[in-house]
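Me: Could you take a close look at one spot for me and then work outwards from there? I'd like it told as one connected story, with the cut-offs spelled out as you go.

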Amino acid sequence: MTWVIFVLGAVLSWGAYGVLLHQGQVQLGNPLKALLCVGVAYFLIGVLVPLGALGAQGELSGFSSGGLVAATVAGALGAIGAACIIWAFRAGGLPL
């Protein structure tokens, strides 16, 4: 049942995502600036952390092509979703 802790983490972080993204967009004055900040955060957490962890485990090789494509498409879909949320706010949507 340890997995429930991680599910709660996802719920809490995704729940706060929209509100904080909207605040950032308003305070930055441009939705593309907010998207750039999201990209920086994805890079720091989604690239540097696994690079360090995989490097420490000696697991930086052996990627299957199917897994590489599927996971990369999933990442692209996540980024597209972030962009869609940002433009929804720009069009008048609220994070509620």
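Reply: Ile85 counts as partly exposed, at 32% relative accessibility; that label covers everything between buried (under 20% relative accessible area) and exposed (over 50%), with a 1.4 Å probe and protein chains only. Before going on, a word on the basis: this is a predicted model, where local features need pLDDT of at least 70 and side-chain atom pairs count only at pLDDT 80 or more, while totals for chains, interfaces and linings use all residues. Residues are numbered from 1 along each chain as its sequence is written, and side-chain values use heavy atoms, with hydrogens and water left out.

Ile85 sits in helix 3; helices here are DSSP runs of H or I with at least four residues, strands are runs of E with at least two, and both are numbered from the N terminus. If you skip its neighbours within four places in sequence, Ile85 is in contact with Tyr17 and Leu21, where contact means heavy atoms within 4.5 Å. Ile85 and Leu35 are 50 residues apart in sequence, with 9.7 Å between their C-alpha atoms.

Leu21 leads us to the largest nonpolar core, whose six residues are Leu21, Ala34, Val38, Ala82, Ile86 and Phe89. By nonpolar core I mean a set of buried Ala, Val, Leu, Ile, Met, Phe, Trp, Tyr and Cys residues joined through side-chain atoms within 4.5 Å. Helix 2 (31-57) and helix 3 (65-90) each supply at least two residues of this core, and helix 3 gives the most, with three.

Leaving out neighbours within four places, Gln25 is in contact with Asn30, Pro31, Ala34, Ile86, Phe89 and Arg90. His22 is in helix 1 as well, and at 18% relative accessible area His22 is buried. Not counting residues up to four places away, His22 touches Phe89, Gly93, Leu94 and Pro95.

Now over to helix 2, where you'll find Leu44, partly exposed at 43%. Leu44 is one of the members of a nonpolar surface patch, along with Leu36, Val40, Phe43, Ile45, Val47, Leu48, Val49, Leu51 and Leu60, with about 920 Å² of accessible area together. Areas come from the Shrake-Rupley method with a 1.4 Å probe, and for residues only the protein chains shown count as cover. Gln57 lies in helix 2 too and is exposed at 56%; its C-alpha is 38 Å from that of Pro31, 26 residues away in sequence.

Zooming out, the chain has three helices and zero strands. Its radius of gyration is 16 Å, whereas a compact globule of 96 residues would be near 12 Å (taken over C-alpha atoms; the rule is 2.2 Å times the number of residues to the power 0.38). Of the 96 residues, 11% count as buried.

Notes: Patches are made of residues with over 30% relative accessible area and no salt bridge: like charges are joined within 9 Å, nonpolar side chains (Val, Leu, Ile, Met, Phe, Trp, Tyr) within 5 Å. A salt bridge is a side-chain nitrogen of Lys or Arg within 4 Å of a carboxyl oxygen of Asp or Glu.
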